[in-house]
Amino acid sequence: MATNNTDDTTDRIEALIDRLTLEEKIDLVHGDDDPDELATGYLPGIERLDVPSLSMVDGPLGVRPGTATAFPASIALAAAWDDDLAHEQGEALGRETLGADQDALLAPGFNIVRVPQGGRTFEYYSEDPYLASRLAVGTVEGVQDAGAIATAKHFVANNQEQDRHEVSAEVSERALREIYLPAFEAAVTEGDVGSVMAAYNRINGTYATEHEWLLSDVLKDEWGFDGYVVSDWWATSDGVAAANAGLDVDMPGIPVSQWHAEESLLHDVIERLPDTLPKQSIAKLASTPWLPENVNPNLFDRSPFEVELPEAVRRGQVAESDLDEKIRRVLGQMDRFGLFDDEQPSGALGAGEHRDVATRVAERGAVLLRNEGNVLPLSPETDSIAVIGPNADSAKVGGGGSSRVTPDSTVSPLEGIRERVGGDTRVAFARGTEPIDDTEGVAGVNFDLSEFAPGGSSSDDGAPGVGDAVVAARQADVAVVFVQDDAAEGTDRSLWLPGEQDRLVAAVADVADRTVVVCNTAGAIRMPWADDVDAVVEMWYPGQEDGHATAAVLFGDSDPSGRLPVTFGRRLDDYPASTEDRYPGVGLEAEYDEGVFVGYRHFDAEGIEPQFAFGHGLSYTDFAYSDVAVDHDGEPDATVEVTVENVGERPGRDVVQVYLGPADAPLERPPKALAAFETVALDAGEAVTVTLDLDSRAFAYYDVEAGEWTAADGEYTVLVGRSSRDIVAERTVIVEESTIVE
């Protein structure tokens, strides 16, 4: 929908800037109260000049607050390995944004999964920069094709929630260039994203909001980004430093005690106090007992842009021309997306077609990790099924924090299974252990003190026990155990399942004829029972259509074609960020001295056998690869062809993965890296020849000293396979001389 800026657009914006007062200019670079109490972030318009307001709303699992379609977690979308599907979900998200009468979606997020315990892993895509890049571009283009502004976040190296407001990612430029920046670069240079969000954390000692090299030198000058940079909420500490570094908009611009605080008892009390009292200090003092750990230190401050920039401009500490450039970027995107002329397309909230997209993404993202004896798919004529799990009667909609979405309806796994089998199959339900509470996360903090009254909530189900689950499992033909974690923004998670779920799975596996475990998790988990159960399905956080999607996968209505976008290690020590200095850091500094050896790159380099490899995923059918050929002319690029045949008896999808093993270079490189992939859907007996292009960047490393991407001369190995560890064919190509890659 969005169009490039024209000369007329430029003239209009320049004319507006010329007429703005300094006060009005300041108002256009920091947030304020949304009169409708709906926007996550709100820039008021300038009524006298007919400048419209700009409303920003949370994502990426759906818009909030209010009621909207709850899409599966981003990591579930990533598991589908399909940028076209990413575009489809992005377009639905964009339409939901407009349907909520908002202009910009604060999504997608695509920080690299460096720390598997990361509380926001479910909001991100992958440990691999190439896979993350393809999905980022697909989603951004989808959101913006629908007519909403997309926001690439969180820029950059925001890879943990522990100490996220202050921790410094001590990371080399090479690791930034090769691992942490590529998805952002692709979102800008290919996706033409309208906005980029600066993260909370520091990078090599400097806050992301104040990092001139990242915000100005790399993002704007090198990549040619012409949109606006917005802060994460209350991330700005020094307004002058941030303004000079390249931050364009400070959000939300108001203290948390008055942010969406219409029904807050605390806010009402403080607002009645005389203006002569320090209201924000009182709000902070009164709220402290109810604030979570790891809280943002700037929550109770007014916008540093509002407070500091007027005088800074007058004193020459911030050039007014730089302030004009910020406004030019903001108004430019508003004009690009039709806000000035009221030309935004119509949207829709909770539309039926969006629920269909949510269901399809959940099905396509399902990863069949294990299927001994082809226990799956289940037959709908099965006489008896035991559905077991503390939360099996509730949909796992998403995680906690700013991505939490409220749908108008949900379908639980128990409901989905009962609906699928009909009345002839006996479906028993047993929790087996206490329900796992969904962590609200930091975005769930509100200031209605009535929520903190003594007593709390309790269950009227009685105390569920493992014994009930054992009885149900023993009496059924198959036991399906649903386990889940409780990830949320603001806190990192354990890789162990919470509560007694591991013990529950082990107990059921001991007595059941067949045991299937369905995992609703944010990412990798420990699986001490993996070898003792018959099948394991990773469904991630499936969204509001959880039960329908899960039943479709379990009963074979949908082939589980997902592939892991992250590595599942056997133990915490398997991962690179497993020492205190690397995670969570010492003295608020996290050492990224593993460099580019993140995820499977580390597992390969260290010879560690994962529980389940990056790219792994089984199917209900079988595929054969043949006629692998590589077209290469000595330059650092190549075209790979491979014939894929469905040699099974049912339709299915496969993901052809191509990795590249590097030539010798003057620095250490990972043994291989993902260079291309393609998802193919084939009927039984059908074959197709897939063509995959390896671009020059796949051959290159970043030479920090020269400031260039370089492809060394020598032999490269092209590896074609079904995962990073399941390689079915290798070919060698030779780059004839070292080449600088643009």
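1. Helix H17 (residues 501-511) has as its buried residues Gln501, Asp502, Leu504, Val505, Ala507, Val508 and Ala509, where buried means under 20% relative accessible area, exposed over 50% and partly exposed in between, with a 1.4 Å probe and protein chains only. The cover over these buried residues of H17 includes strand E11 (384-388), helix H16 (466-475), strand E13 (478-484) and strand E14 (515-520). Helices (H or I, at least four residues) and strands (E, at least two) are DSSP runs, numbered from the N terminus, and contact means heavy atoms within 4.5 Å.

2. A word on the basis of these notes: this is a predicted model, in which local features need pLDDT of at least 70 and side-chain atom pairs count only at pLDDT 80 or more, while totals for chains, interfaces and linings use all residues. Residues are numbered from 1 along each chain as its sequence is written, and side-chain values use heavy atoms, with hydrogens and water left out.

3. In helix H8 (residues 212-222), the buried residues are Leu214, Leu215, Ser216, Val218, Leu219 and Lys220. Just after H8 comes Gly224, which takes a positive phi of about 75 degrees.

4. Which residues have the most contacts inside the largest nonpolar core? They are Phe155, Tyr180, Trp233 and Met527, in a core of 173 residues; a nonpolar core is a set of buried Ala, Val, Leu, Ile, Met, Phe, Trp, Tyr and Cys residues joined through side-chain atoms within 4.5 Å. Helix H5 (residues 129-145) supplies the largest share of this core, six residues. Apart from this core lies another, of 32 residues, with Val628, Leu660, Ala700 and Val741 among them.

5. Tyr180 deserves a separate look. Leaving aside residues up to four places away in sequence, Tyr180 touches Ile112, Arg114, Val156, Asn159, Val171, Ala175, Tyr592, Glu594 and Val598.

6. Is Asn298 buried or exposed? Asn298 counts as buried because its relative accessibility is 12%, and its place is in the loop between helix H11 (279-287) and helix H12 (304-315). Residues up to four places away in sequence not being counted, Asn298 touches Trp234, Ala235, Thr236 and Ser237.

7. Helix H4 (residues 83-99) packs with helix H14 (residues 352-364) at an angle of about 145 degrees, their axes being 10 Å apart; axes are lines fitted to C-alpha atoms, for helices over the stretch in contact, and angles run from 0 to 180 degrees between N-to-C directions. On the H4 side the contact is made by Leu85, Glu88, Gln89, Ala92, Arg95 and Glu96, and on the H14 side by Glu353, His354, Val357, Arg360, Val361 and Arg364. Sorted by class, this contact of H4 with H14 has four nonpolar, two polar and six charged residues, with Ala, Val, Leu, Ile, Met, Phe, Trp, Tyr, Cys and Pro counted as nonpolar, Asp, Glu, Lys and Arg as charged, and the others, Gly among them, as polar.

8. Six strands form an open sheet in the order E1-E2-E3-E4-E6-E9, with mixed pairing; two strands pair if DSSP finds at least two bridges between them. Strand E1 (41-43) and strand E9 (228-231) stand at the edges with a single partner strand each, so one side of each is left without a neighbour in the sheet. From one strand to the next, the twist averages 25 degrees.

9. Within this sheet, strand E4 (residues 149-155) and strand E6 (residues 195-198) run parallel and are joined by three bridges, and Thr151 has Ser195 as its bridge partner in E6. Helix H7 (residues 182-189) packs on the sheet and touches E4 and E6, its direction making about 160 degrees with that of E4. Helix H13 (residues 320-336) also packs on the sheet, touching E1, strand E2 (54-58), E4 and E9, and its direction makes about 105 degrees with that of E9.

10. Strand E17 (residues 623-631) pairs with strand E18 (residues 638-646) in the antiparallel sense over seven bridges. Their hairpin has six residues between the strands, and in it Gly634 takes a positive phi near 95 degrees. E18 is also joined by eight bridges to strand E21 (residues 687-694), the two running antiparallel, and the bridge partner of Val644 in E21 is Val688.
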